[in-house]
Amino acid sequence: MSELSQSDPEIFAVIGREHSRQNDGVELIASENFVSLAVMEAQGSVLTNKYAEGLPGKRYYGGCQFVDQAEDLARRRAMELYNCEWVNVQPHSGASANGAVYLAVLKPGDTLLGLDLSHGGHLTHGSPVNFSGILYDAQFYGVEQSGPLAGRIDMDKLAEKARAIRPKMISIGASAYVRDFDYVRFRQIADEVGALLWMDMAHTAGLIAAGELSDPLPHCHIVTTTTHKTLRGPRGGMILIGKDFDNPFGKVAAKSGRVKKMSELLDSAVFPGMQGGPLMHVIAAKAVAFGEALKPEFKSYAQQVRKNAKAMAEAFISKDYQLVSMGTDNHLVLIDLRNKGISGKKAERVLGEAEITTNKNMVPFDDRSPMVTSGIRLGTPAMTTRGLKEEDFVYLVDLIDRVISNADDEIVITEVRTAVKALCERFPLYGSFDQDS
Ligand SMILES: Cc1ncc(COP(=O)(O)O)c(C=O)c1O
């Protein structure tokens, strides 16, 4: 950093402030995590200088012999992690990975069936403000409002809807869904209506890699992910196929007339379809993160992420908070704050004043707008990386409850901020990392 402090003190200062914010506060945004210093080192390396359009061994530029090795390592490790036949590690982000799937599978106007954004789905699963809802005929399934399946997907209703609309692709995956998915049933439904099945495991990729949630790879035709959430790698995306197959659209290789594999269509959709040069420094950092995820310590980490989420859910329930689906299977809890008389927007703001970072979130059947919302979403991946255990999350729930129950009381918020600072000092982020070095 000394180079940067000399050449650009303004940006150096910004990075220092952000480092302090991360170190001194409690990070409960479910989609965030803290990468290792090794991941950051790879990402901040000379690999950022290299153009490498194409795939290892088949590049459009010279001098790719070493970045090829980095990408091969990333691919090999990802395939080992998910026990799959094919992967493309080049997508710049989760949204880019998803864009490549659309480009490879659908034509504009084709029908997609995905989880409604307001029920936990993601923008790229057909929201009208996203390319996926603008270019394609996006139809949705949701979760139940009440009854034994409250907050969960009713698979019989989903099957009925799929039979009625006969989508070309069905998507699974979410940004705010607390339960595991029944991939076997999803696949039966997809097969019955002749749809391709796509799972976006962006949020849960780390838990799936560690065997903490059921594995979509054997059941879904295509799987996409981000690499920076529970998987704890650099910001980025990736596409995987468990067992490669002939593409069902009759696309053939120009010279030989051979039917192309689905993986080939996806490779072409990433480049040249969607992206230019891959970010080789990020791909190297992905390789480092996948190597970390293959170690036994990562399994313990993923187990702790879930234990912490369960402890947090139980502590909230004991304080009369309404959790969507009344608990969690994964790394996040979604709280419907309507019985507490505070909006998601205000809860996010006052918790932020106490240095507890969360995000407002729509809850299923919300009557407030996405900018206000009735809920907040909390996740355990980042603070579990810092070493917090169940009892620490129960303590955090006490602090969050104090803020939410006294949202207009500056004194309480100041007291909680002091408690947060003391907690964070016990679990330093990048213990030995010195921003001035
Ligand atoms: C389910 C899901 N898919 C895709 C994405 C998009 O990832 P990115 O922000 O890397 O584009 C997210 C991000 O929140 C997500 O939750």
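Predicted model: local features only at pLDDT ≥ 70, side-chain atom pairs only at ≥ 80, totals over all residues.
Let's start with the overall layout. The domain assignment divides the protein chain into domain 1, covering residues 42-293, and domain 2, covering residues 304-426.

Now let's look at a pair of helices. Two packed helices are described by the angle between their axes and the distance between the axes. Helix H5 spans residues 94-105 and helix H10 spans residues 262-274; their axes come within 8 Å and cross at roughly 115 degrees. H5 and H10 are therefore roughly perpendicular to each other. The crossing of H5 past H10 is right-handed.

Which residues make this contact? From H5 come Ser96, Gly99, Ala100, Leu103 and Ala104, while H10 brings Leu265, Leu266, Ala269, Val270, Gly273 and Met274. Sorted by class, the contact of H5 with H10 holds 8 nonpolar and 3 polar residues, with no charged ones.

H5 also leads us to the ligand. Of the shell around the ligand, the largest share comes from H5, with 3 residues. In total, 15 residues surround the ligand, and the closest are Ser93, Gly94, Ala95, Ser175 and Ala202. The classes in this shell are 3 nonpolar, 11 polar and 1 charged.

Finally, two details of the backbone deserve a stop. Most residues other than glycine have a negative phi, and most peptide bonds are trans. Against that background, look at the bond between Phe271 and Pro272: this peptide bond is cis, with omega at about 10 degrees. Pro272 is part of helix H10, one of the two helices in the crossing described above.

The other detail is at Arg232. This residue is not a glycine, yet its phi is positive, at about 65 degrees. You can find Arg232 in the loop that runs between strand S9 (222-226) and strand S10 (237-241).

Notes
Residues numbered from 1 in each chain as written. Domains from an automatic or database assignment. Axes fitted to C-alpha atoms, helices over the stretch in contact; angles between N-to-C directions. Helix = DSSP H or I, 4+ residues; strand = E, 2+ residues; numbered from the N terminus. Parallel < 35°, antiparallel > 145°, perpendicular 65-115°, else oblique. Left-handed = near helix turned anticlockwise from the far one by under 90°. Contact = placed C-beta atoms within 7 Å. Nonpolar A, V, L, I, M, F, W, Y, C, P; charged D, E, K, R; others polar. Near = placed C-beta within 6 Å.
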